[in-house]
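Hello,

Here is the structure I said I would pass on. My notes on its salt bridges follow below.

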Amino acid sequence: MPLYESVLIARNDISQAQVEALVEQIETLLTQDGGSIEKREFWGLRSLAYRIKKNRKGHYVLLGLNARPDQIRELERQLSLNEDVLRVLTLRVEEITQDPSPILSRKGDDRGDRGNFRGGNSKPAGRFDSGRGGRRGDDREEYRAREGAEMDAE
């Protein structure tokens with residue numbers, strides 16, 4: 001049977017348990033006709049690039065499917081009728097890897113990078129020099145020196 005990857009976005013006002021129940025419904029729909037879900041990844045609640053049906057966020061799920069084309073058509077039809085599902089994109093792939101998707105692997109990297117400079121006083125070189133207080137310590141010393149010179153002149 002052909003292999004597919006499907007990403008679906010569910011509404012943000014449903015719980016994670018309801019999203020998992022939705023995936024279970026998909027699995028029962030596929031398994032009764034001989035298909036299967038080879039891979040499941042819950043990407044969590046993420047911001048959408050633009051509003052979809054008045055939602056700004058959605059629960060993202062990646063599924064690796066092993067099913068016939070008619071099963072995929074029926075699956076997409078069922079998901080389009082479900083009010084909790086905002087969008088579905090299904091693509092045919094050559095193989096389904098069990099490695100974490102780029103979204104999940106990048107998510108872990110970002111959290112590690114953020115923690116390095118948020119807690120400490122050091123910040124990465126070349127960042128945050130927008131002109132709004134980038135060299136504040138030098139400006140204050142210069143101001144104090146000028147203020148002191150003015151007071152000595154009086």
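**Salt bridges**

A network of salt bridges links R11, D13 and D84. By salt bridge I mean a side-chain nitrogen of Lys or Arg within 4 Å of a carboxyl oxygen of Asp or Glu. The structure holds 7 of them.

This is a predicted model, in which local features need pLDDT of at least 70 and side-chain atom pairs count only at pLDDT 80 or more, while totals for chains, interfaces and linings use all residues. Residues are numbered from 1 along each chain as its sequence is written, and side-chain values use heavy atoms, with hydrogens and water left out.

R40 pairs with E24, with the closest N and O atoms 2.9 Å apart. Because R40 lies in strand β2 (residues 36–52) and E24 in helix α1 (residues 16–31), this pair ties together parts that are 16 residues apart in sequence. Helices (H or I, at least four residues) and strands (E, at least two) are DSSP runs, numbered from the N terminus.

R40 also forms a salt bridge with E27, at 2.4 Å from N to O. E27 lies in helix α1 and R40 in strand β2, so that pair joins parts 13 residues apart in sequence.

Relative accessible area is 33% for R40, 37% for E24 and 24% for E27. Each value counts as partly exposed, between buried (under 20%) and exposed (over 50%), with a 1.4 Å probe and protein chains only.

Within helix α2 (residues 69–81), E74 and R77 sit 3 residues apart, about one turn of the helix. Their side chains meet in a salt bridge of 3.1 Å, N to O. E74 is partly exposed at 29%, as is R77 at 41%.

Regards
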